[in-house]
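Biologist: I am new to this structure. Please take one part and look at it closely, then show me how the surroundings connect to that part.

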Amino acid sequence: MSKEEEKGSSPWREFFWNPRTHELFGRTAKSWGLILLFYVVFYAFLAAMFVLTMYVMLLTLDDYKPTWQDRLATPGMMIRPKGDQLEISFSSANTESWDYYVQNLDKFLAPYNDSYQVQTNDNCVPDQYFIQEDSGEVRNNPKRSCQFNRTMLEDCSGITDRYYGYQSGQPCVLIKLNRVIGMLPGKDGQSPYVTCAAKKYKVGNDEWKEDQDKIGDFVYFPPNGTFNLMYYPYYGKRAQVNYTQPLVAVKFLNVSMNSEVNVECKINSNTLREGGERDKFAGRVSFKLRVYDK
């Protein structure tokens with residue numbers, strides 16, 4: 001290598017390490033130490049500020065009740081058994097087509113067995129709220145819950161008919177109202193209740209249709225399809241560890257065979273407002289029912 005090349009490359013080598021000034025990447029050991037110390041102190045300060053902020057924020061939170069709730073004023077509803085995209089389709093003559101639904105209901109209703117409910121929950125006074133207030137700063141936790149016995153679902157309990165009507169083409173569908181902490185869904189001793197009907201659906205630009213002639217007769221369990229007031233208010237999973245969500249069962253007695261039936265069930269209450277166009281799923285649930293005879 002020529003002297004000119006060595007001279008031209010010397011500044012680059014000295015940038016990485018200068019043996020005369022003992023500089024690495026243009027800084028002495030003292031300079032590197034000071035800048036590293038600065039960043040250590042800077043990031044430690046940021047971390048301390050973050051920890052302090054989180055600590056102060058956690059002091060404002062309640063372990064048993066959310067500070068803010070962004071759920072709908074009227075809770076949503078859901079059905080069991082879980083079908084694909086809220087569709088229940090089966091053939092009464094084909095065991096494999098409805099066995100999944102039966103297993104799903106068996107698993108879902110296991111905590112509702114009467115023996116378990118008697119051991120864990122109270123036999124409450126119906127048609128009135130089961131209010132359990134805290135005493136000042138003293139927490140009334142864990143809070144008790146009211147029994148919802150599986151036998152209250154009668155023909156849809158899976159006890160008198162272990163197939164929930166699916167073998168005979170008279171399926172049971174369970175309806176539950178989503179939990180909302182502190183919700184009081186009725187007043188003047190009037191419990192909210194469920195009503196089901198054929199759902200109107202659009203078949204053209206301005207044409208609507210409903211399957212009222214296909215849905216047939218049905219019956220509710222408990223009677224009148226009520227969510228009794230004694231199961232409210234709900235205090236949260238942590239405060240009310242044994243809470244059992246009330247259910248309403250709908251048994252379809254003579255739904256049209258080999259047809260698609262659009263069903264809509266909704267909650268009726270004197271305190272919960274009905275969902276509008278913006279909240280189409282508030283207080284209601286829609287599903288399709290198909291029962292084949294072979």
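Modeller: Start with two cysteines. Cys 196 is buried, and Cys 265 is buried as well. Buried stands for under 20% relative accessible area, exposed for over 50%, and partly exposed for anything in between, with a 1.4 Å probe and protein chains only.

A word on the source. This is a predicted model, in which local features need pLDDT of at least 70 and side-chain atom pairs count only at pLDDT 80 or more, while totals for chains, interfaces and linings use all residues. Residues are numbered from 1 along each chain as its sequence is written, and side-chain values use heavy atoms, with hydrogens and water left out. The pLDDT is the predictor's confidence in each residue, from 0 to 100. Its mean over the protein is 87, and 88% of the residues reach 70 or more.

Back to the cysteines. Cys 196 and Cys 265 form a disulfide, with sulfur atoms 2.0 Å apart. A disulfide here is a pair of cysteine sulfur atoms within 2.5 Å. The link of Cys 196 and Cys 265 is right-handed, with 110° about the S-S bond. Cys 196 sits in strand β6 (residues 193-198) and Cys 265 in strand β11 (residues 260-268), so the pair ties together parts that are 69 residues apart in sequence. Strands (E, at least two residues) and helices (H or I, at least four) are DSSP runs, numbered from the N terminus.

How many disulfides does the structure hold? There are 3. Counting bonded cysteines along the chain, the pattern is 1-2, 3-4, 5-6.

Take Cys 124 and Cys 146 next. Their sulfurs are 2.1 Å apart. At -100° about the S-S bond, this link is left-handed. Cys 124 and Cys 146 are both in the loop between α4 (114-120) and β5, 22 residues apart. Both are buried.

Then comes the pair Cys 156 and Cys 172, again with 2.1 Å from S to S. This link is left-handed, at -75° about the S-S bond. Cys 156 and Cys 172 are both buried.

Glu 154 belongs to the loop between α4 and β5. Glu 154 and Phe 221 are 67 residues apart in sequence, but their C-alpha atoms are 6.6 Å apart in space. Leaving aside neighbours within four places in sequence, Glu 154 is in contact (heavy atoms within 4.5 Å) with Thr 160, Phe 221 and Pro 223.

Now the sheet that holds β5. It is open, with 4 strands in the order β3-β5-β10-β9 and antiparallel pairing. Two strands count as paired if DSSP finds at least two bridges between them. The edge strands, each pairing on one side only, are β3 (77-80) and β9 (218-221). Neighbouring strands are turned by 25° against each other on average, direction ignored. Strands β3 and β5 (residues 172-177) pair in the antiparallel sense over 4 bridges. In that pair, Arg 80 stands opposite Leu 174.

Helix α3 (residues 95-109) packs on this sheet and touches β3, β5 and β10 (247-252). The directions of α3 and β5 make about 40°. Axes are lines fitted to C-alpha atoms, for helices over the stretch in contact, and angles run from 0 to 180 degrees between N-to-C directions.

The largest nonpolar core has 52 residues, among which Tyr 166, Val 194 and Phe 252 touch the most other members. The largest share of this core, 6 residues, comes from α3. Such a core is a set of buried Ala, Val, Leu, Ile, Met, Phe, Trp, Tyr and Cys residues joined through side-chain atoms within 4.5 Å. Beyond its neighbours within four places in sequence, Phe 252 has contacts including Gly 169, Pro 171, Val 173, Phe 218 and Val 263.
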